[in-house]
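Subject: Structure handover

Hello,

Here is the structure I promised to pass on. Please open it first, then read the notes below it.

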Amino acid sequence: MWKTKETDLERKENRFLIILKRISKNPNAMFGLILLAVLVAGVILVPLISPYEYSRMDIRAINQGPSRAHWFGTDDMGRDLLTRIFYGGRYSLSISILAVVFSTAIGMVIGAVAGYFGGFSDTMIMRCLDVLQAIPSTLLTIIISAALGVGLDKTVIAISVGSIPGTVRLLRGTVMRTREEQYLEAAEAIGCSTFRKIVKYVIPNSWSPLIVSSTMGVARTILELAALSYIGLGVQPPTPEWGAMLSAARGYLRDYPHLLIFPGLFIAISVLCLNMFGDGLRDALDPKLKD
């Protein structure tokens with residue numbers, strides 16, 4: 001009897017392991033994941049990797065090109081560019097992740113309410129989102145950031161607001177399909193409250209598209225944050241952030257191109273690896289995909 005039970009358990013593969021197996025078979029997703037892991041490791045371990053402080057100035061090494069002492073060169077204040085790029089990655093990645101988490105959390109609640117209840121509440125929510133989406137996302141971010149002022153928390157709010165409508169629409173469509181499932185009828189038959197059904201059954205069975213959307217949303221948010229900082233509304237100097245570094249170096253493009261090349265390269269690498277991993281994750285979470 002124990003042997004039969006053990007065999008049954010072996011046949012029921014954990015969904016998480018199935019997803020990992022599918023991702024491991026996708027070379028693009030694995031390349032993006034490895035590249036992202038290396039980038040995150042460098043961002044975390046930069047105090048151990050670099051002998052310089054990101055704010056340390058050296059007037060004897062102003063605007064130097066790449067060398068053995070400074071692999072990426074130095075900026076107009078003699079600060080080591082490699083150190084500032086990796087410290088800037090901390091701000092770019094953390095702000096982008098926080099903005100995506102914030103927008104996803106709010107969009108999840110609103111989308112679940114709109115998709116589950118439908119009717120008047122759904123109509124009102126979607127019409128409000130139509131008004132919000134009538135404004136281009138980048139312009140909306142700039143307006144909110146200019147109204148709130150500068151600051152990390154204000155930047156997170158400004159960036160996340162523009163992403164909420166997309167999250168709401170994505171979850172709403174998924175919930176509208178999920179609410180017709182038989183397990184919800186069974187939950188209602190045993191007396192589950194509406195809140196419990198939404199939290200325990202509806203959202204957990206609807207968030208696969210959100211995982212993929214959030215992964216790619218981080219890449220999109222990195223670009224929005226860089227654009228916001230570039231025009232002076234995001235992270236402010238002397239705090240290192242990739243967009244702010246591009247903004248500070250735009251006057252040196254002809255004479256010292258390395259000041260723009262390296263921050264721009266890291267923005268491109270981070271967006272590339274997140275999109276590659278997001279594509280692989282989307283394929284892995286596809287229920288129609290068979291091993």
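A residue counts as buried when its relative accessible area is under 20%. By that cut-off, 42% of the 291 residues of the protein chain are buried. Please keep in mind that this is a predicted model.

**Overall picture**

The protein chain has 13 helices and zero strands. Along its principal axes, the C-alpha trace spans about 75 × 55 × 25 Å. The protein chain exposes about 16200 Å². Carbon and sulfur atoms supply 65% of that area. Now take the contacts in the protein chain with a separation of 6 or more: residues 24 or more positions apart account for 71% of them.

Start with helix 2, residues 15–24. Ile19, Arg22 and Ile23 are buried there. These residues cover an arc of only 100° around the axis, which puts them on the same side of helix 2. The general rule behind this is simple: an α-helix has 3.6 residues a turn, so residues three or four places apart point the same way. What do the buried residues of helix 2 pack against? Their partners are helix 3 (27–49) and helix 13 (258–284).

Next, look at the surface. Val40, Ile44, Leu45, Leu48 and Ile49 make a nonpolar patch of about 490 Å². One of these, Ile44, is found in helix 3. Ile44 has 53% relative accessibility, so this residue counts as exposed.

Asn63 deserves a look. This residue is found in the loop between helix 3 and helix 4 (81–117). Is Asn63 buried or exposed? Asn63 is buried, with a relative accessible area of 13%. Leaving aside residues up to four places away in sequence, Asn63 touches Thr74, Asp75, Asp76, Tyr252, Tyr256, His258 and Leu259. The backbone also stands out: phi of Asn63 is near 55°, a positive value in a residue other than glycine.

**Salt bridges**

How many salt bridges does a search of the whole structure find? The search finds eight. In general, side chains of opposite charge can pair when their charged atoms come close.

One of the eight involves Asp75, which was listed above as a contact of Asn63. The side chains of Asp75 and Arg79 meet in a salt bridge, at 2.8 Å from N to O. Both Asp75 and Arg79 are buried.

Another salt bridge joins the side chains of Arg172 and Asp122, at 2.7 Å from N to O. Arg172 lies in helix 8 (residues 164–178) and Asp122 in helix 5 (residues 119–133), so the pair ties together parts that are 50 residues apart in sequence. Asp122 has 10% relative accessibility and counts as buried.

Arg169 also forms a salt bridge, with Asp130; the closest N and O atoms are 2.3 Å apart. This pair links distant parts of the chain, with Arg169 in helix 8 and Asp130 in helix 5, 39 residues apart. Arg169 is partly exposed, with a relative accessible area of 30%. Asp130 counts as partly exposed too, at 33% relative accessibility.

Salt bridges that share partners join Asp75, Arg79 and Arg84.

**Aromatic pairs**

The structure holds seven aromatic pairs. Take Phe86 and Phe266. Their ring centres are 5.4 Å apart and their planes are at 80°, so the pair is edge-to-face. Phe86 lies in helix 4 and Phe266 in helix 13, so the pair ties together parts that are 180 residues apart in sequence. Phe86 and Phe266 are both buried.

Tyr116 and Phe117 make another pair. Their ring centres are 5.3 Å apart and their planes are at 85°, so this pair is edge-to-face. Tyr116 is buried, with a relative accessible area of 17%. Phe117 is partly exposed, at 48%.

Which residues do ring pairs link into a cluster? They are Phe72, Phe86, Trp242, Phe262 and Phe266.

Best wishes

Methods. Residues numbered from 1 in each chain as written. Predicted model: local features only at pLDDT ≥ 70, side-chain atom pairs only at ≥ 80, totals over all residues. Heavy atoms only, no water. Buried < 20%, exposed > 50% of the residue type's maximum accessible area, 1.4 Å probe, protein only. Helix = DSSP H or I, 4+ residues; strand = E, 2+ residues; numbered from the N terminus. Arc of directions from axis to C-beta. Contact = heavy atoms within 4.5 Å. Patch = residues over 30% accessible without salt bridge, like charges linked within 9 Å, V, L, I, M, F, W, Y side chains within 5 Å. Areas by Shrake-Rupley, 256 points an atom, 1.4 Å probe, with all protein chains shown as cover. Salt bridge = Lys/Arg side-chain N within 4 Å of Asp/Glu carboxyl O. Phe/Tyr/Trp six-rings, centres within 6.5 Å; stacked < 30°, edge-to-face > 60°.
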